[in-house]
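Please open the structure in your viewer and keep the selection panel at hand. The tour below moves from a pair of helices to the residues around them.

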Amino acid sequence: AVVSTQSGHYGRGKEVVHTVTLHEIDVINSRQQGFLALFSGDTGEIKSEVREQINQKVAEWREEGKAEIVPGVLFIDEVHMLDIECFSYLNRALEHDMAPVLIMATNRGITKIRGTTYTSPHGIPIDLLDRLLIISTSPYTEKDTKQILSIRCEEEDVEMGDDAMLVLTKIGQETSLRYAIQLITCANLVCRKRKGTEVGVDDIKRVYSLFLDETRSSQYLKEYHQEFMFNEIKEETKAMEVSS
């Protein structure tokens with residue numbers, strides 16, 4: 001039998017996928033060192049012409065199926081601190097095809113937009129607020145507070161008893177979650193001082209008596225405000241008595 005065989009060299013193809021950011025591509029094409037510029041740290045200023053060329057090239061790769069754009073995530077906390085010019089820039093940047101996923105966080109209600117005399121919900125302009133998906137939040141339940149405190153204890157390698165965790169959870173419900181989280185480290189130090197291996201109820205009570213929360217601190221200042229320097233409560237009281 002005669003079997004026909006292929007002539008010539010045999011080649012083997014291999015597909016390699018590289019994950020790079022647009023900034024890295026900009027740096028490689030804007031410096032003479034090329035890829036080595038990423039390691040030298042000499043990124044410098046990238047011209048707008050280079051960025052436009054890279055964006056066009058990446059768009060071509062995406063149409064040809066050679067590249068896939070994975071949007072990044074931009075998280076802005078305390079977003080109400082931005083002024084109107086920053087909001088205008090974000091509003092324009094979100095219209096770009098390669099814009100990242102924008103996540104904003106704020107705890108403000110109806111407040112003034114920085115740089116203007118107008119007020120809006122959360123201190124964000126209405127036109128930008130209309131583009132966002134607002135995630136509603138609710139106060140933590142006792143179960144949620146306990147779970148968060150347990151996770152925090154694991155992160156800080158703190159062994160805490162069940163009774164102590166219940167007391168700490170109750171403190172977090174009555175005061176604030178941040179205050180309860182801060183007591184974990186302090187209670188662990190008290191536990192180590194007495195050569196203990198597990199934070200107990202007495203340790204929680206000890207640090208609770210040493211460090212005041214916001215409510216007890218405010219009450220303390222109201223009771224002993226006359227003992228502090230530059231007190232304004234006394235002056236306000238006198239002004240109210242004169243006006244009456």
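Begin by selecting α6 and α8, where α6 passes α8 in a right-handed crossing (right-handed if the near helix is turned clockwise from the far one by less than a right angle, left-handed if anticlockwise). Helices here are DSSP runs of H or I with at least four residues, and strands are runs of E with at least two, both numbered from the N terminus.

Before going further, note that this is a predicted model, in which local features need pLDDT of at least 70 and side-chain atom pairs count only at pLDDT 80 or more, while totals for chains, interfaces and linings use all residues. Residues are numbered from 1 along each chain as its sequence is written, and side-chain values use heavy atoms, with hydrogens and water left out.

Two packed helices are described by the angle between their axes and the distance between the axes. For α6 (residues 142–155) and α8 (residues 177–193), the axes come within 10 Å and cross at roughly 30°, with axes taken as lines fitted to C-alpha atoms over the stretch in contact and angles running from 0 to 180 degrees between N-to-C directions. That crossing makes α6 roughly parallel to α8, a label for angles under 35 degrees.

Next, show the side chains that make the contact (heavy atoms within 4.5 Å): T145, I148, L149, R152 and C153 of α6, with L177, A180, I181 and I184 of α8. By class, this contact has 7 nonpolar, 1 polar and 1 charged residues; Ala, Val, Leu, Ile, Met, Phe, Trp, Tyr, Cys and Pro count as nonpolar, Asp, Glu, Lys and Arg as charged, and the others, Gly among them, as polar.

Now centre the view on L149, which, leaving aside its neighbours within four places in sequence, is in contact with M165, L168, T169, L177, A180, I181 and I184. From there, which helix holds T169? T169 lies in helix α7 and, at 2% relative accessibility, counts as buried, a term for under 20% relative accessible area with a 1.4 Å probe and protein chains only. Leaving aside its neighbours within four places in sequence, T169 is in contact with E142, T145, K146 and L149.

Finally, zoom out to the whole protein, which has 11 helices and 4 strands. Of its 244 residues, 23% count as buried, and residues 24 or more positions apart account for 54% of the contacts with a separation of 6 or more.

Terms used:
Parallel < 35°, antiparallel > 145°, perpendicular 65-115°, else oblique. Buried < 20%, exposed > 50% of the residue type's maximum accessible area, 1.4 Å probe, protein only.
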